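Keep it short and give the cut-offs.

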Amino acid sequence: MATADSGTASAGPRPEVRVAGGALRGSLESGVAVFRGIPYAAPPVGRLRFAAPRPAASWDGVRPALSYGPPPPQTDMLGQGTGAQDSGAQGVAGDDWLTVNVWSPEADPAATLPVMVWIHGGAYTIGVSSQPEFDGGRLARDGGVVVVTFNYRVGMEGFAQLAGAPSNRGLLDQVAALEWVRDNIASFGGDPDDVTVFGESAGGGSVAALLAMPRAAGLFRRAIAQSVPGTFFSPQLAADIAAACAAELGLRPTSADLATADPALLALAGDAVAATLTTRAQRWGQPAQRSILFAPVVDGDVLPVTPWQAVASGSSRDVDLLAGHTRDEQRLFTAFTGLLGQVTPEQAETALQVFAPGPDGAHRYRGAYPDASPDQLYELVHSDWLFRMPTLHLAEAQAAAGGRVHLYELTWPAPGMGGAFGACHGLDVPLVFGNLTSGQPALLIGDSPSAEATALSARMRTAWTAFATGGDPGWPAYDRDRRLTQLFDVSCAVTAYPEERSRLIWQDHSFPALLLGAE
């Protein structure tokens with residue numbers, strides 16, 4: 001008998017599909033078939049702890065796919081929680097951390113719709129697919145695409161460099177999720193040969209890493225990299241950070257030692273190390289200055305070289321790329337640390353000395369921005385180092401290698417919270433998904449989304465789904481002569497790349513893997 005789902009679900013027959021593991025029963029929500037908490041790999045616990053992902057077990061009968069899977073172990077660093085309040089969002093308890101969720105406007109194998117696979121952000125340390133801002137219903141319904149989100153291991157479980165364990169387990173999880181999509185998405189109405197992977201922040205960095213990973217070749221046709229962080233670690237730096245985290249529990253940084261450690265305590269150990277980063281800046285360098293403990297490791301195997309090296313050499317020449325960033329990437333983090341409007345000249349100078357490229361980087365910033373206040377200089381160099389210039393360089397590497405790439409910048413200032421955050425980091429997420437009234441990023445939009453917010457969100461959703469459908473988001477491709485860039489604002493426009501002064505300061509930087517101080 002047909003029943004109604006809780007929350008946003010609408011009355012009607014529950015859709016059923018069959019995947020490699022068995023039959024699934026989902027829900028019908030506002031005309032979209034939704035399936036949550038589907039295992040794409042075996043729980044990475046017990047003998048599989050810190051191992052590469054293994055195939056999930058099959059099941060008998062019809063498996064309910066109504067609730068998100070449990071979050072991978074992590075702490076609540078930003079107070080954002082690991083669940084959500086929407087239908088099915090609370091998930092279930094357990095260790096089945098590696099699950100996917102699917103939204104399809106036409107769950108019929110004959111539909112062959114484009115597929116969009118989302119990789120969430122969270123500094124490679126936190127994040128879960130059940131956050132309400134990642135609900136794929138509106139994107140699927142309005143864009144005529146199948147949307148997939150998933151959990152992957154973060155923090156120590158996914159990115160710590162441990163003896164006896166493969167590097168980049170979180171990235172290997174992402175490859176496993178994409179392999180699951182390749183093998184199963186047709187059952188949901190998706191075309192396995194028309195997959196676009198997209199992500200923001202650490203998710204954008206993951207997209208960049210996938211472009212460089214031989215294991216990911218052929219698993220997606222297009223890629224959207226939003227606010228790509230430039231932080232990729234050398235094995236030595238990653239191993240030293242892992243050793244410090246393991247030492248908090250009196251253990252060595254080996255898979256054997258940590259295999260029986262409580263995952264929750266292991267996540268807390270990272271927080272304890274993060275609290276001591278000011279004493280480790282000389283050894284760990286820039287990551288310590290930005291409280292960054294985890295990042296993809298350029299290990300020569302899973303990730304042979306940095307994304308910029310790989311893309312410049314043509315690794316993604318046949319992959320259509322859409323890349324971009326927000327104008328005021330740093331503003332949100334400055335607010336989190338209580339420095340918004342409070343940056344001293346000394347703090348600005350320190351930021352320039354630490355993060356500006358080359359021995360004369362600080363001097364070049366002051367010359368390029370002679371009228372900038374300490375707050376502005378602080379924000380510019382942090383924004384450029386962590387997100388803006390890495391994203392631009394990825395686009396330029398793709399263009400230089402003969403690949404197709406489109407570039408954008410979000411310049412619309414967020415009206416929420418008194419308008420203090422500008423076009424800050426993460427603002428693009430609710431706009432792209434169209435979830436303007438749920439989740440913490442929606443606080444940036446305001447209590448009641450304005451007509452301009454709604455219109456801008458629709459325009460960005462249209463661009464993203466058009467790109468996923470045909471490779472053209474609606475503006476010309478980027479090249480290194482005209483540098484045409486789509487600006488998303490109340491009045492959208494295509495102009496030359498607007499951050500030209502920063503581009504010139506960073507044009508000779510290569511974004512190499514970050515090294516341990518002793519290296």
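Buried means under 20% relative accessible area, exposed means over 50%, and partly exposed lies in between (1.4 Å probe, protein chains only). Helices (H or I, at least four residues) and strands (E, at least two) are DSSP runs, numbered from the N terminus. With those terms, both faces of β12 are covered: Val405, Leu407 and Glu409 on one side are buried, and so are His406, Tyr408 and Leu410 on the other.

This is a predicted model, in which local features need pLDDT of at least 70, side-chain atom pairs count only at pLDDT 80 or more, and totals for chains, interfaces and linings use all residues. Residues are numbered from 1 along each chain as its sequence is written, and side-chain values use heavy atoms, with hydrogens and water left out.

**The sheet**

- An open sheet is built from 11 strands with mixed pairing, in the order β3-β4-β6-β8-β7-β9-β10-β11-β12-β13-β14. Two strands pair if DSSP finds at least two bridges between them.
- Its edge strands are β3 (27–29) and β14 (493–496), each of which pairs on one side only.
- On average, neighbouring strands of this sheet are turned by 25 degrees against each other, direction ignored. Axes are lines fitted to C-alpha atoms, for helices over the stretch in contact, and angles run from 0 to 180 degrees between N-to-C directions.
- Helix α16 packs on this sheet and touches β7 (113–119), β9 (190–200), β10, β11, β12 and β13. The direction of α16 makes about 145 degrees with that of β10. Contact means heavy atoms within 4.5 Å.

- Strand β11 (residues 320–326) is largely enclosed by the rest of the structure, because 7 of its 7 residues are buried.
- Asp320, Leu322, Gly324 and Thr326 point one way from β11, while Leu321, Ala323 and His325 point the other way.
- Strand β10 (residues 222–226) runs parallel to β11, with 5 bridges between them. Here Arg222 stands opposite Asp320.
- Strand β12 (residues 405–410) also runs parallel to β11, joined by 6 bridges. Leu321 faces Val405, and Ala323 has Leu407 as its bridge partner.
- In β12, 6 of the 6 residues are buried.
- β12 pairs in the parallel sense with strand β13 (residues 484–488) over 4 bridges. Tyr408 stands opposite Gln486 there.

- Helix α14 (residues 374–400) has a kink of about 60 degrees centred on Asp384. The bend at a residue is the angle between axes fitted to the seven residues ending there and the seven starting there.
- Of the 27 residues of α14, 22 are buried, so this helix is largely enclosed by the rest of the structure.
- Helix α16 (residues 451–470) has 20 residues and spans 28 Å from its first C-alpha to its last, close to the expected 28 Å. The expected span is 1.5 Å times one less than the number of residues.
- Buried residues of α16 include Leu456, Met460, Arg461, Trp464 and Phe467.
- Just after α16, Gly471 has a positive phi of about 85 degrees.

**Ser316**

- Ser316 sits in the loop between α10 (307–312) and β11.
- Ser316 is buried at 2% relative accessible area.
- Apart from neighbours within four places in sequence, Ser316 contacts Leu211, Val311 and Gln398.

**Salt bridges**

- The structure holds 23 salt bridges. A salt bridge is a side-chain nitrogen of Lys or Arg within 4 Å of a carboxyl oxygen of Asp or Glu.
- Asp96 pairs with Arg63, with the closest N and O atoms 3.7 Å apart. Asp96 lies in the loop between β5 (62–64) and β6 (99–104) and Arg63 in β5, so the pair ties together parts 33 residues apart in sequence. Arg63 is partly exposed, at 24% relative accessible area.
- Asp194 and Arg222 meet in a salt bridge at 2.7 Å, N to O. Asp194 lies in β9 and Arg222 in β10, so the pair ties together parts 28 residues apart in sequence. Asp194 is buried at 8% relative accessible area, and Arg222 is buried at 3%.
- Arg331 forms a salt bridge with Glu379, the closest N and O atoms being 2.5 Å apart.
- Salt bridges that share partners join Asp194, Arg221, Arg222 and Asp320 into one network.
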